[in-house]
Amino acid sequence: MENKRLKPKATNVVSFVPNGDYYYKKALKAIERDEMDKAYKFIKRAADLSPDDAHVLLQYGILEMELQNFEHAYELIHTAYSLEPNESEIIFMLAEVSGCIGHIADAQKYAAQYLEMEPNGAYTEDASEILEFVDYVGEEMDDMDEFDGAKHVAQEKARRHMEQGDFKTAIEMLEQIIEEFPDLWNAYNNLALAYFYVGDAEQARALLYRVLRENKGNLHALCNLAVFAYYEKSNEELNELVGLLKKIQPFDWENRYKLGATFALIGQYEEAYKWLRSMSKKGYEGESGFYFWLAQSAYFSGHETIAKEAWKMLIQLDPSKEGMEPWANGEGSILRNSAENHRDFIIRQLTDEHQSSRLFGMFLLKRSAHKQEIVAHPSLLNVSNFTAIEKLCMAYALDYDFSNGSKEEQQFLRFMEVAELITETNDSISLEVAQVLSTWFALGEIAFQQGYSFKNRAALAAAVEYSFHTALENKVTKKAVAGKYNISTATLSKYNDELYEFVPSDFE
């Protein structure tokens, strides 16, 4: 594929800082060697450094097409077209990607435009095939309005900003889209979500009520209201909306997916599984989000084989989800009865007035099947208000690499290793084990603040478990607990005495 490049101006200054053109050339060389993984990495870096280079964006878009990421490819190639509208190769690729995402009118327009510009060009045969296909399906598209590419690109960019957590930019873009297209209801729905995630629930609800007034029965608006009610614990409103959503029987894929994903997010797993599974049975092949919610709903409604099949598909699409599967820390009913998968229990810990409870909540969050949902919540985790130890614990929950950490970080890791050992030794975080862990976080928080070294994790784990049972007057012996953690009774006694120094006044 030949790309016309502008010759750089002569200069005596030599830069050792790689720029977009540097990575673009490395990407082209990688493509020549058929090293597509390297090519993708290089072209993505080139686009980050040269976001206004049409040729870089074009090549990035072509690689995305090969990976079947057609929506992103369309956004990239359309942006390249806006930068260089007379570049024939860009025009042909715009025709190609428009056809891939079903925008037949655009495919026809750009293919015809390419043939006018390059009647004997490199893509003449391909462009002619596009027009032949359009003629073949012409009867089905007679009533189709020509798709507005700029509108689509703007929405995709706004959606991408939301996925990256840049809600302020997304809000600005969506408000501009709505001003230009006042009947574009999906833009209103996305804007409502963006406002909700920045904490403006009142504005978010106002937008959804407007959609429902002017576009009665809009499923996405109803689903978003249900999500808001769920997050805000408005149980009466949630029950009413769930009852309404259960009566809806959507036909098209988009609404089925929205309904299924919403049911999964709010914990209505049986309903979620019904809709998402019905889609997969009929051959639906969605993006990673579809398989994430299918796996979640299947697992928590007892369909573990389907859940694992869906998760396998998810990992193929998004390898970063490796290790986050719902069954990652156990199997079967044992896991489902564990505290780390009780969403409301975790949220109660995260929002508790006591810091030790919040630390315990983050420890549970690390291994929870609800981790992604809770982290994405707009108000549960306000990192800007966290104390130093809470920031460490949040980093731990998000699998931060502490390998080169400070002395304080290493002390913190030893603190957490005790909690990990309690969990490992007791198979699952049952109610009783959760109470032992809660006791440990209450004691360990104070010990950490006082600079305690946490040298013997097995002895500390045994000591806190023994102390817990003793406080409740349960019939346990030092010998039994010491044996459970492979330490001597003398060591248990020593560390039991050490822990007593950190007992808060309200524990005595």
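User: Which residue, with a positive phi, follows α22?
Analyst: This is a predicted model, in which local features need pLDDT of at least 70, side-chain atom pairs count only at pLDDT 80 or more, and totals for chains, interfaces and linings use all residues. Residues are numbered from 1 along each chain as its sequence is written, and side-chain values use heavy atoms, with hydrogens and water left out. Helices are DSSP runs of H or I of at least four residues, numbered from the N terminus, and strands are runs of E of at least two. The residue that follows α22 has a positive phi near 65°, and it is Asp-399.

User: How many of the 10 residues of helix α22 are buried?
Analyst: Buried means under 20% relative accessible area, exposed means over 50%, and partly exposed lies in between, with a 1.4 Å probe and protein chains only. In α22 the buried residues include Ile-389, Glu-390, Leu-392 and Met-394. Helix α22 spans residues 388-397 and is largely enclosed by the rest of the structure, because the number of its 10 residues that are buried is 8.

User: What is the relative accessibility of Cys-393?
Analyst: Cys-393 is among the buried residues of α22. Another cysteine, Cys-223, counts as buried at 0% relative accessibility. Cys-393 counts as buried because its relative accessibility is 0%.

User: How many disulfides does the count come to?
Analyst: A disulfide is a pair of cysteine sulfur atoms within 2.5 Å. By this rule the count of disulfides is 0.

User: How many helices does the protein chain have?
Analyst: Buried residues make up 49% of the 508 residues in the protein chain. The count of strands is 0, while the count of helices is 27.

User: What percentage of the contacts with a separation of 6 or more comes from residues 24 or more positions apart?
Analyst: Contact means heavy atoms within 4.5 Å. Among contacts in the protein chain with a separation of 6 or more, residues 24 or more positions apart account for 56%.

User: How far apart in space are Ala-127 and Phe-92, C-alpha to C-alpha?
Analyst: Ala-127 lies in helix α7, residues 124-136, and is buried, with a relative accessible area of 0%. Leaving out residues up to four places away in sequence, Ala-127 touches Phe-92, Ala-111, Tyr-114 and Leu-115. Ala-127 and Phe-92 are 35 residues apart in sequence, yet their C-alpha separation is 7.0 Å.

User: Which residues does Ala-170 contact, leaving aside neighbours within four places in sequence?
Analyst: Ala-170 sits in helix α9, residues 167-180, and counts as buried at 0% relative accessibility. Its C-alpha is 8.2 Å from that of Arg-160, 10 residues apart in sequence. With neighbours within four places set aside, the contacts of Ala-170 are Ala-158, His-161 and Met-162.

User: Is Phe-454 buried or exposed?
Analyst: Most residues other than glycine have a negative phi. Phe-454 is not a glycine and has a positive phi of about 55°; Phe-454 lies in the loop between α24 and α25 (457-471). With a relative accessible area of 1%, Phe-454 is buried.

User: Is Asn-486 buried or exposed?
Analyst: Asn-486 is also a residue other than glycine with a positive phi, near 60°. Its place is the loop between α26 (478-484) and α27 (489-500). At 70% relative accessibility, Asn-486 counts as exposed.

User: What distance separates the C-alpha atoms of Asp-252 and Met-279?
Analyst: Asp-252 lies in the loop between α13 (235-247) and α14 (253-265). At 32% relative accessibility, Asp-252 counts as partly exposed. Asp-252 and Met-279 are 27 residues apart along the chain, and their C-alpha atoms are separated by 9.7 Å.

User: Which helix gives the largest share of the lining of the largest cavity?
Analyst: On a 1 Å grid over the protein atoms alone, a cavity is a set of points where a 1.4 Å probe fits but cannot get out, and lining residues have an atom within 4 Å of a point. The lining residues are Ile-422, Asn-426, Glu-432, Val-433, Val-436, Glu-465 and Lys-484. The largest share, 3 residues, comes from residues 431-449, which form helix α24.

Conventions:
1 Å grid on protein atoms, 1.4 Å probe; cavity = no way out; pocket = protein on both sides within 12 Å on 5 of 7 lines; lining within 4 Å.
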